[in-house]
Amino acid sequence: MSSNADHPGPQFQPPATPGDFPSESDNREPSPDAPLDPSSLPRAVKARRSEYTRQRSIRIKVGSWNVAALPGTEQDVGNWFADRKGISEEFSEIRVSDKEPESEGNGDDATDKATSPSETEPNEVGLYALGLQEIVDVSSPAEALRPYVDPAPASKWKAAVQKALPSGYQLVAETQLVGLLLLIYASPSVVDSVSSVSCANVGTGLLGYMGNKGGVAARLLLGETTGLVFVNCHLAAGSDKGSLDRRNWDASQIVGRAKFDAIDSDLTLRDEPTESIGKEDFAFWFGDLNYRLEDIPGDDVRQVLARHAEDENTKEQRSNTSSVDSDDDTDPHSDPASLQTTISSLLPHDQLRLQQAKYKAFHDGWREGDISFLPTYKYDVGSVARFDSSEKQRGPSWCDRILYRSRQDRERYERLVAETADSRKRDDEMKARGLDKAAADDNVLFDYDPDVDGADDAEEYDPTNDQTSDGASFQSQSDSEDPLRLEYYASHQKILSSDHKPLAAGFTLSFESVIPHLKAKVHQEVVRELDRAENESRPGLTVVVDRHGVYASKDDSDGDPNAVNFGDIPFDVPVRRSMTVANTSGVPATFTLEKPEGADGWMVSWLEYQVEMPHRDDSEEGKYVAAAQECVLHPGELANVELTAYVRDIELARALNDGKTQLEEILVLRVVSGRDHFISAYGKWLPTCFGRSLEDLTLMPEAGARTMSPVGISAAERGKQNKDVPLSAPRELFRLTEAISELTERAAAEWSMTRDDSDDDTPPWLREPHGAGWPFAPETWTLKDKDERMPLLASAREALDTSQSFNDLFAPEVSSLHRLEILSETLIVFLGSLQDGIVTASVWQDLDQQILTREKAKASPLTWEESQAWVLESLAYSPAHSVSFTFVTFMLARVANEVAPATSIPSRGSSNKPSEEEAKSNTKASDNTTQPSTPTSPSAGSFISGGSLRRRTRTFTSSSVAEPTINPLALRRQTVETVLSGIFSSLLISSDIPIPTKDKERRALEDRKRSIVEPFLKAMGVDNKGPSGGVP
């Protein structure tokens, strides 16, 4: 008998897949032939669920018992819950048979077993769900208000249940709330299919939240498809109207506040959420619901049940003597003397059914089996069918209940509610139409003709088809179609240890379950299909590193074929390689070439790259694309990537020289929606003299820096360890300054011999406005083609690093002028790369402070000779710095004498007017003569061995001449000295000196720097007329 018999619903069509209960809008699974979504492996596996799911049935046993916190009750759990002992034939419609097969459980008495053919043996039950109430005294404030859960009572019950159940059953869910305990056990054949277990507790007792009343719930997933919810509750007690309302409120609170953990839809076949009660496929609600019999006094109930509650021994004797006549076919429902007739007369007063009929509680699809047993409450402890004989004389009631429902039941109820609302809406609309519609409807009575209307259908009517059962229930589908079938529903009257009788119900549940090995097979097939589909639809690039040329060595053939080996990488010389990127897929490919940031983020990159896109007629592509910019290749197209290894940063060169880093890099070719490529790029660093300190250079091997290997220490430290004797100055600096001095003289001579006197062929040192800085000012260089200069510069640096002679460096067709310009640029780079310069920061700070002090004191300026002595004295602490400074200034003086000869400087006793011969010479700047001046200065090579300099200097003043006429050649000389000293002051003095931000302060600093170099250019008059241009 259904608890919702008064509310029949329309016939519900079962789902196509048994055991699965989707909504009507989602009642079909995806077709296996549908296109697979490569982005979702779980969705693709679910689309083939019919291949690895099978229909399965499982038996579930649900038990409920209020143990009233009485000791020893756990000893009876095996008798009634596991072995079904304690069922009394006299007080239930279930008959006991001796033909039951013996159980494999711990019980050995099969005479108390029910003979229901659907009942399973204990080892055949897939799930046991036991709900207990009052395992502790909930009326005690100490228990109800305890801030923690005492595990001792629950442990005692778990041990008793585990002992009673057959071997192999495992506890899969447990939860406790004060006196409420819910235990769920799974058989060995079912336990592996249980997943996504989550429990929730809801207290509805004191203040609406305490745990002396409320519910505990557990949610689990069966076979990865079917959600089950078990609710064990203890609702408010009492027989008055307020207690009834509170029970309804308690139930609604449990439904609304119970929340479970979310189920991962990727790991199961369940897409719909099951985080609350009502979203599951099957639900079981049991416990002490405390609903009573209303509108009937308790004494009347006792009197009605009195004839069924006679002495147990007398009834058993009567049963034994009349066993022969027990096979009569009398229907207990029609027998006025039967227990079932008595129960049927009391059930209309049951509060639970009345509340369901009024849609106040448990009305949304909940069902209950036919009640064919005595009320479960309240009995004298230790008695059978003896109701409460205490002073309170509580009326018997079916307080303990087991309800259940499926998703179909709930959806049927929801449709019924919607249909009722629609009918009510239509009624309201008809009423709103008014009397004119009603009058029109009345005409139907006068239009009826009994001879015609319905004549064709008279013979088709069959009265047998119009019969409906008076007991039409909410469950309209047959038992064969119902996925949740109730097998039995009984109480155990012979369990005497509590004032409540335990209640049990058996169910058979049909559901769709995943077969693990079939799912694994489908999963593998789907993975292969998705891989194939993804490979066909995703872009794919093939990278080929070009290995032609001399850099392809045996070492490359054994390594990564996609690695880029730059081979030997010298300083400031670009080394280029290339690779080809091809789109070998069937779709356009978008890619970028990136270089991840490494640990040496402070260091500038040595690797540069650019992508040359293929030429397309409909676009301007085909040009080089900047690094990190997206590039698109259509199927079959190629792009060329040019890679350049270029070490020009001096800090990086120093780190490479000292072995602190290596030339290794990883390029990432990122393909949008495709597989990325990681390309290794590396090269071998060639040690160089550039970027080192003067101390390191003075300890450089005679064969050059190239013979050194990076060992993580500086050359100076290595020299100290090897006890090497340092040179007075770097060999490389001496070679450069000597070669520049000689080439300056040679270049000037070649110019005068090979060029005419036309105005269009002015020497570079006379060209305005930068001629005074020749050959060190880039604006004066005549070899401007970068492609021609780069190889020559690289050769010059290579000659320095390998101690190769400059004479063997240049080809014979390279003019002296171009050689001079190449070596001049090399010297500028060399001096700029020196670590801490020739004039260190500390030395300069001391010199600068003395200059500022003299300016503030307004002291008389030093003569050129005094200035030279003062500077050399400041550098005397280190021969390497002093001699190196002398090398450079000595070279500058010789260059100045070539571009602005000191012979033009007038003597103190001479006339201010130059002679006619001198004027002619001045017009040509004395540089176009066929016989250049021959320097008579001592060789600068003596500084390397001796570390000293012998000079004949002269101080020039103009105080003896009153208002002299300005000599153009003297101005020319002064300009050359100023420009050259300005260029080299910034090269000789350490670059660590802070530069002022204001222009005035910056110009003043530049003047002070220039003042320590310029005196050494003033005093060097070394021509055929003697020191200082022959000035006495």
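# A tour of the predicted model

Glu 224 sits in the loop between S6 and S7, where helices (H or I, at least four residues) and strands (E, at least two) are DSSP runs numbered from the N terminus. This is a predicted model, so local features need pLDDT of at least 70 and side-chain atom pairs count only at pLDDT 80 or more, while totals for chains, interfaces and linings use all residues. Residues are numbered from 1 along each chain as its sequence is written, and side-chain values use heavy atoms, with hydrogens and water left out. The protein has 27 helices and 24 strands.

**Overall picture**

- Of the 1032 residues in the protein, 49% are buried; buried means under 20% relative accessible area, exposed means over 50%, and partly exposed lies in between (1.4 Å probe, protein chains only).
- Take the contacts (heavy atoms within 4.5 Å) between residues at least 6 apart in sequence: 75% of them join residues at least 24 apart.

- Six strands make an open sheet in the order S5-S6-S7-S8-S10-S9, and the pairing is mixed; two strands pair if DSSP finds at least two bridges between them.
- At the edges are strand S5 (194-203) and strand S9 (367-368), each of which pairs on one side only.
- Two bridges link S9 to strand S10 (residues 400-406) in the antiparallel sense, and Arg 367 stands opposite Tyr 404 in S10.
- Helix H10 (residues 407-433) packs on the sheet and touches S9 and S10, its direction making about 80° with that of S10. Axes here are lines fitted to C-alpha atoms, for helices over the stretch in contact, and angles run from 0 to 180 degrees between N-to-C directions.
- Helix H5 (residues 241-257) lies across S5, strand S6 (214-222), strand S7 (226-234) and strand S8 (282-288), running at about 135° to S5.
- The 17 residues of H5 should span 24 Å at 1.5 Å a residue, and its end C-alpha atoms are 24 Å apart, which agrees. The expected span is 1.5 Å times one less than the number of residues.
- Buried residues of H5 include Leu 244, Arg 247, Asp 250, Ala 251 and Ile 254; among the elements that cover the buried residues of H5 are S5, S6, S7, S8 and helix H9 (351-357).

**Loops around this sheet**

- Glu 224 has phi near 65°, a positive value in a residue other than glycine, and is partly exposed at 22% relative accessibility.
- Asn 290, in the loop between S8 and helix H6 (298-306), also has a positive phi, near 70°. Asn 290 is buried, with a relative accessible area of 3%.
- Glu 275 lies in the loop between H5 and S8 and is partly exposed, with a relative accessible area of 23%.
- Glu 275 and Phe 260 are 15 residues apart in sequence, yet 4.5 Å apart in space, C-alpha to C-alpha.
- Lys 378 is in the loop between S9 and S10, and the peptide bond from Tyr 377 to Lys 378 is cis, with omega near -5°.

**The five-stranded sheet**

- Another open sheet has five strands in the order S14-S22-S21-S16-S19, with mixed pairing. Its edge strands are strand S14 (564-569) and strand S19 (631-633), each pairing on one side only.
- The twist from one strand to the next averages 25°.
- Strand S21 (residues 664-671) and strand S22 (residues 677-685) run antiparallel and are joined by six bridges; Ile 666 has Ser 680 in S22 as its bridge partner.

**Helix pairs**

- Helix H19 (residues 816-833) and helix H25 (residues 968-988) have axes that come within 8 Å and cross at roughly 40°. That makes H19 oblique to H25; angles under 35 degrees count as roughly parallel, over 145 as roughly antiparallel, 65 to 115 as roughly perpendicular and the rest as oblique.
- Leu 827, Ile 828, Leu 831 and Gly 832 of H19 make this contact with Phe 984, Leu 987 and Leu 988 of H25.
- By class, the contact of H19 with H25 has six nonpolar residues, one polar and no charged. Here Ala, Val, Leu, Ile, Met, Phe, Trp, Tyr, Cys and Pro count as nonpolar, Asp, Glu, Lys and Arg as charged, and the others, Gly among them, as polar.
- The axes of helix H17 (residues 731-754) and helix H22 (residues 879-899) come within 9 Å and cross at roughly 5°, and H17 and H22 are therefore roughly parallel to each other.
- The contact of H17 with H22 divides into eight nonpolar, four polar and four charged residues.
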